[in-house]
Amino acid sequence: MSRRPPPGLSTGVALVAIVLVSVNLRPGASTVGPVLAEIRSGLGLSGGLAGLLTGLPGLCFALAGGLAVAFARRVGITVGIALGLVAATVGLLLRPGTGTPWVFLALSALALAGMAVGNVLVPAWIKRHGGGHQVALATVYGTALIVGATIGQALTAPLASTLGSWQRALGVWGLMVLLALPLWIGLALRERRDPGDHLDSGPAPAGRIATSPTAVAMTVLFGIQSMHAYVQLGWLPQVYRDAGLSADHAGALAALLSATGIIGALTMPTLIVRAPSLSPYVVTFGVLLAGGYGGLALWPATVPWLWALMLGVAGFAFPLVIAMLPARTRHPQVTAQLSGFVQPVGYLVAAAGPVLVGMLHEATGGWNAVLVLLALTAVPFTWAGLRASGSVYVDDELRA
């Protein structure tokens, strides 16, 4: 049963709050790929450290996200999100100023950890405060995530050229997070004494979330899709650059991939509610995933926009799972538990992808082996999607 927002929190305020936090949960990760070559040169990063940098988002989202639910029980959902934004602001503003690789990695990890808290807690915040507008807020959340990733990819390389350095270009995204702080700090001060904001209000079904077949399938689907997302964020621009395209062109193609996901973010939440079956969509996503990587392996520079478009549509699986978090649960505590299971475990799987891609690319000296292996993951991707797409509530599976 959905809950009404506490008195005084209007739908408009909730909408603005969701936009401000969601649009800032991805640029810290997506802005590295377009200037990765410049970062490697400026910091003297080896192939292994470059792989670690591109895999850091998944790793941080897994480890910090896994602690977010327990953190919210102590400080509250809203305060937890606000503190996450503070960490993201500090990390993103300070990391461009260092010339030491490990300090840069540590500050990146701090920023990404703050974003990880938002990843896990925002769906629970929507369930708690969304009232009768949960589908709309979930749509805005998923859309703003992709918009943030898209503008980060599209603008970072041009900003580096305009501002004269990749350091200044990366610093811009810290200023962007800073804009979200006043409203969220105000909401945190307002909600800090609300018992319902601490995930312990009202009866929730007992049971370990890992016993829910739907939760497990969602985790597998989320993990594979997130692995692809972070491989694409970190390495797709380099694939295109190695095929002979310019840095700006490669960044624009990566942005096209992300921008395509905006359509998925706008449609998936409503589709979950209205479609009689999600299976045809899941199968289509799997076919496009395999085809996109196959095209990159065979003709990367011939019709490069087509492969980016195919992979972008396959990425609709991401907003599909994100929208399922509040749509497949009834109680805010179960939403938080599901989000705190699906996202951290999924991101832990995803974290290995960019690192392994960097190592395999360095070992083989090319991209064909990498792209073939990525295409083959369409098989478990499709299986998990079909299993996760059933119209069930995780709360009911926990009770059973």
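This report describes the cavities and one of the pockets in a predicted model.

The analysis finds 4 cavities of 30 Å³ or more. The largest cavity has a volume of about 320 Å³, and the second largest cavity has a volume of about 100 Å³.

## The largest cavity

A total of 22 residues line the largest cavity. Among them, the residues nearest its centre are Ile146, Gln225, Ala229, Ser258 and Phe318. Two or more lining residues are given by each of helix H7 (134–163), helix H10 (213–242), helix H11 (247–274), helix H13 (304–314) and helix H14 (317–327). Of the elements that line the largest cavity, H10 provides the largest share, with 7 residues.

The lining of the largest cavity consists of 13 nonpolar, 8 polar and 1 charged residues.

## The second largest cavity

The second largest cavity is lined by 14 residues. Those lying nearest its centre are Ala29, Val32, Leu53, Thr54 and Pro57. At least two residues of this lining come from each of helix H2 (27–30), helix H4 (47–75), helix H6 (101–129) and H10.

The greatest contribution to the lining of the second largest cavity is made by H4, with 4 residues. By residue class, the lining of the second largest cavity divides into 8 nonpolar, 5 polar and 1 charged.

## The second largest pocket

The second largest pocket holds about 180 Å³ of space. The residues that line this pocket are Met227, Val349, Ala352, Gly353, Leu356, Val357, Leu360, Val370, Leu373, Leu374 and Thr377. Helix H15 (332–364) and helix H16 (368–376) are the elements that give two or more residues to the lining of the second largest pocket.

The largest share of the pocket lining, 6 residues, belongs to H15. The lining of the second largest pocket comprises 9 nonpolar residues, 2 polar residues and no charged residues.

Note on methods
Residues numbered from 1 in each chain as written. Predicted model: local features only at pLDDT ≥ 70, side-chain atom pairs only at ≥ 80, totals over all residues. Heavy atoms only, no water. 1 Å grid on protein atoms, 1.4 Å probe; cavity = no way out; pocket = protein on both sides within 12 Å on 5 of 7 lines; lining within 4 Å. Points joined across faces, edges and corners; volume = space filled by probe spheres on them. Nonpolar A, V, L, I, M, F, W, Y, C, P; charged D, E, K, R; others polar.
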